[in-house]
Amino acid sequence: MRSVIAIGLSALSACSAGDQTEPLRVPQAATGAFNAQGLPLLRNPLPDDEPTRAAGAQVYASYSCAACHGDGLEGGLGPALVNTTWIYGNDDTTLFFLIRDGSKALRAHGYRRLGHEPQQGEMPPFASLLREQQIWEFIVYMRAQARTAD
Ligand code: HEC
């Protein structure tokens, strides 16, 4: 438990580092088009297969995500990731930038909270901890879990 808290705190301190405005790094998965907020439109390059889902589960378990979103992605301090409510949307582009740059950065790009969950707070940026591939692995895992949820 102690280690979970320590990791959670380092994710929170990454949050304040992410508040500084940084030039947008364009992900390798960019399609060349842009979305309504002017962000590069992305398509998850990874297959929806068992090894990718397993790698995504590993990312989720290893980077303190579960401390806020629950062991089974059912929510806790942060919102559920397996229900049908999506705060900013559930397209690849939105989810990728939310996880990489955090919720404050998304709103700085013109996003608004459209979906509402009982939890209030900010999603910390994970840009300094996760490689692009790990974010895509997690998204494959999360979508598979959402399909099997009640
Ligand atoms: C310190 C708590 C915290 C941690 C750690 C955290 N999150 Fe979040 N996350 C949140 C909060 C709070 C929100 C909602 C943000 C908002 O309302 O703007 C969120 C939103 C999300 C969403 C969108 C959910 C929705 O319903 O639209 C996803 C996906 C997500 N987080 C994935 C992750 C992943 C992956 C990790 C680990 C790499 C992670 N989170 C770690 C607190 C956290």
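**Notebook: ligand, iron site and fold**

I began at the ligand, where a backbone N or O atom of Thr85 lies 3.2 Å from a ligand oxygen atom. I note at the outset that this is a predicted model.

Next I looked up the side chains that reach ligand oxygens. Arg113 has a side-chain N or O atom 2.9 Å from an oxygen atom of the ligand. Glu117 puts a polar side-chain atom 3.0 Å from a ligand oxygen atom.

Then I took the whole shell. I found 27 residues surrounding the ligand. The closest are Cys65, Cys68, His69, Tyr88 and Met123. I sorted the shell by residue class and got 18 nonpolar, 5 polar and 4 charged residues.

Which helices each supply at least two residues of this shell? I listed H3 (65–69), H4 (92–101), H5 (103–108) and H6 (132–148). H3 gives the most, with 3 residues.

**Iron site**

I turned to the iron atom of the ligand. Which protein atoms are its donors? I found NE2 of His69 and SD of Met123, at 2.0 to 2.1 Å from the iron. I checked where this pair sits in the chain. His69 is in helix H3, and Met123 is in the loop between H5 and H6. They are 54 residues apart, so the pair links distant parts of the chain.

I then checked the geometry. The iron has 6 donor atoms, with angles of 87 to 178° among them, and the site is octahedral. For reference, ideal angles for six octahedral donors are 90 or 180 degrees.

**Fold**

I counted 6 helices and 2 strands in the protein. From the N terminus I read the order as α-β-β-α-α-α-α-α. Of the 150 residues, 41% are buried.

I followed the strands next. E1 (residues 30–34) and E2 (residues 40–42) pair in the antiparallel sense, over 2 bridges.

**Single residues**

I looked up Asn44 in the loop between E2 and helix H2 (50–62). Asn44 counts as buried because its relative accessibility is 16%, under the 20% cut-off. I found a polar atom of the Asn44 side chain 3.3 Å from the backbone oxygen of Trp136.

I went on to Ala57, in helix H2. Ala57 has a relative accessible area of 26%, so I logged this residue as partly exposed. I also took a distance from Ala57 to Gln145. Their C-alpha atoms are 9.7 Å apart, though 88 residues separate the two along the chain.

Most residues other than glycine have a negative phi. Ser64 is a non-glycine residue with a positive phi, near 70°. I placed Ser64 in the loop between H2 and H3. Ser64 is buried, with a relative accessible area of 13%.

Leu73 also turned up: this residue is not a glycine, yet its phi is positive, about 65°. I placed Leu73 in the loop between H3 and H4. Why do I list Leu73 as buried? I do so because its relative accessible area is 0%.

Methods. Residues numbered from 1 in each chain as written. Predicted model: local features only at pLDDT ≥ 70, side-chain atom pairs only at ≥ 80, totals over all residues. Heavy atoms only, no water. Near = heavy atom within 4 Å. Polar contact = N/O pair within 3.5 Å; in protein donor to acceptor, adjacent residues only side chain to side chain. Helix = DSSP H or I, 4+ residues; strand = E, 2+ residues; numbered from the N terminus. Nonpolar A, V, L, I, M, F, W, Y, C, P; charged D, E, K, R; others polar. Donors = N, O, S within 2.8 Å, 3.2 Å for Na, K, Ca; no water. Tetrahedral: all angles 85-135°; square planar, octahedral: opposite > 155°, others 65-115°. Pairing = 2+ DSSP bridges. Buried < 20%, exposed > 50% of the residue type's maximum accessible area, 1.4 Å probe, protein only.
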